[in-house]
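Please look over the sequence and the model first, then read on.

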Amino acid sequence: MKSSTSHNQTKQRAIAKYFLLSLFLSLPLFLFLLSRRPGLRRITTPAPIPTKPESAPNGLRIRPGYSSYENYIQRQLNKTLNPKLRQIWTTRDWERKIGVFSQFFQDLKRQSLLSNDTRALCIGARVGQEVEALRRIGVSDSVGIDLVPYPPLVLEGDFHNQPFRNGSFGFEFSNVFDHALFPEKFVAEIERTLKPGGVCVLHVSISKRADKYSANDLYSAEPLVRLFKGSDLVHVRKIDGFGLDTELVFRKRELI
């Protein structure tokens with residue numbers, strides 16, 4: 001009797017052992033199948049940025065040397081967070097730049113390209129001189145974005161993936177196009193967040209090489225014009241804007 005009981009217990013232990021072993025061996029397959037089920041994958045970013053720049057049109061050169069998008073961001077932060085530069089931007093350069101930007105924006109108001117009731121965005125605004133200039137001339141609903149926020153004038157944001165809804169602004173301004181690693185994405189985000197009929201103004205450097213933190217070099221206005229697929233060119237003119245020599249103005253096409 002004891003022998004029979006002992007035999008049954010041994011058999012049960014063996015079955016349990018094989019069951020646990022098979023369960024352990026099948027666990028990786030189960031986890032793999034689970035990860036493939038729709039709706040269970042965690043989305044970490046709403047709009048992933050490619051790791052390599054797309055090919056650019058002739059006349060627009062992407063600078064080499066960035067091993068990843070994180071490497072590019074860190075290089076931009078090296079300029080934005082430079083304590084000496086930030087001190088200059090907020091002291092010696094503060095009123096001077098506000099004065100120059102105010103003149104640019106007043107001229108746009110005279111051309112009916114900007115008005116006081118326009119909601120405006122300044123892209124790559126750093127410490128917000130452009131935003132302050134807009135507010136001083138009456139465009140009170142103005143804000144900037146940059147990798148590093150500077151409240152209350154500048155919010156945190158990546159110009160390759162603006163943190164705003166479609167059609168949020170009637171006016172957008174930027175003088176940092178040369179810092180875009182992905183020019184097509186930079187322009188696409190402007191057109192996405194502009195209202196139909198909205199105006200975009202870019203100040204760029206064409207006649208000379210931009211600074212060491214720039215990610216691209218522009219050799220003529222044509223490739224930049226081609227990037228604005230949903231907008232019409234209003235005008236191109238020469239300017240003197242802190243090392244930038246050309247102003248391009250675009251108006252987003254109205255919906256049909």
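## A strand pair and its sheet

In strand 5, S174 stands opposite I123. This is a predicted model, in which local features need pLDDT of at least 70 and side-chain atom pairs count only at pLDDT 80 or more, while totals for chains, interfaces and linings use all residues. Residues are numbered from 1 along each chain as its sequence is written, and side-chain values use heavy atoms, with hydrogens and water left out. The protein has seven helices and nine strands; these are DSSP runs numbered from the N terminus, with helices being H or I of at least four residues and strands E of at least two.

**The sheet**

- Strand 2 (residues 120–123) pairs with strand 5 (residues 169–174) in the parallel sense over four bridges; two strands count as paired if DSSP finds at least two bridges between them.
- Strands of a sheet pair through backbone hydrogen bonds, either parallel or antiparallel.
- The open sheet is formed by seven strands in the order 4-3-2-5-6-9-8, with mixed pairing.
- Strand 4 (154–156) and strand 8 (231–241) are the edge strands, each pairing on one side only.
- On average, neighbouring strands of this sheet are turned by 20° against each other, direction ignored; axes are lines fitted to C-alpha atoms (for helices over the stretch in contact), and angles run from 0 to 180 degrees between N-to-C directions.

**Helices on the sheet**

- Helix 4 packs on the sheet and touches strand 5, strand 6 (194–204), strand 8 and strand 9 (244–252); contact here means heavy atoms within 4.5 Å.
- The direction of helix 4 makes about 145° with that of strand 8.
- Helix 5 also packs on the sheet, touching strand 2, strand 3 (142–146) and strand 5.
- Between the directions of helix 5 and strand 3 the angle is about 175°.

**The hairpin**

- Strand 8 and strand 9 run antiparallel and are joined by eight bridges.
- S231 stands opposite K252 in strand 9.
- Two residues lie between the strands of this hairpin, and F242 in the turn has a positive phi of about 55°, although F242 is not a glycine.
- F242 counts as partly exposed because its relative accessibility is 31%; the classes are buried under 20% relative accessible area, exposed over 50% and partly exposed in between (1.4 Å probe, protein chains only).

**The largest pocket**

- The largest pocket holds about 510 Å³ of space.
- On a 1 Å grid over the protein atoms alone, a pocket is an open set of points with protein on both sides within 12 Å along at least five of seven lines, whereas a cavity is a set of points where a 1.4 Å probe fits but cannot get out; lining residues have an atom within 4 Å of a point.
- Grid points are joined across faces, edges and corners, and a volume is the space filled by probe spheres set on the points.
- Lining the largest pocket are 25 residues, of which K79, K97, R126, D211 and F242 are the closest to its centre.
- Helix 3 (83–90), helix 4 (94–110) and helix 5 (129–136) are the elements that give two or more residues to this lining.
- The lining of the largest pocket has eight nonpolar, eight polar and nine charged residues; Ala, Val, Leu, Ile, Met, Phe, Trp, Tyr, Cys and Pro count as nonpolar, Asp, Glu, Lys and Arg as charged, and the others, Gly among them, as polar.

**The cavity**

- The structure holds one cavity of 30 Å³ or more, and the volume of the largest cavity is about 180 Å³.
- Its lining has 15 residues, with Q76, T80, D146, L147 and F159 the closest to the centre.
- Helix 2 supplies the largest share of this lining, five residues.
- By class, the lining of the largest cavity comprises six nonpolar, five polar and four charged residues.

**Local backbone and surface points**

- The peptide bond from P151 to P152 is cis, with omega near 0°, and P152 sits in the loop between strand 3 and strand 4.
- S112, in the loop between helix 4 and strand 2, has a positive phi of about 60° although it is not a glycine.
- S112 counts as exposed because its relative accessibility is 60%.
- N71 lies in helix 2 (residues 69–80) and touches G65 and Y66, not counting residues up to four places away in sequence.
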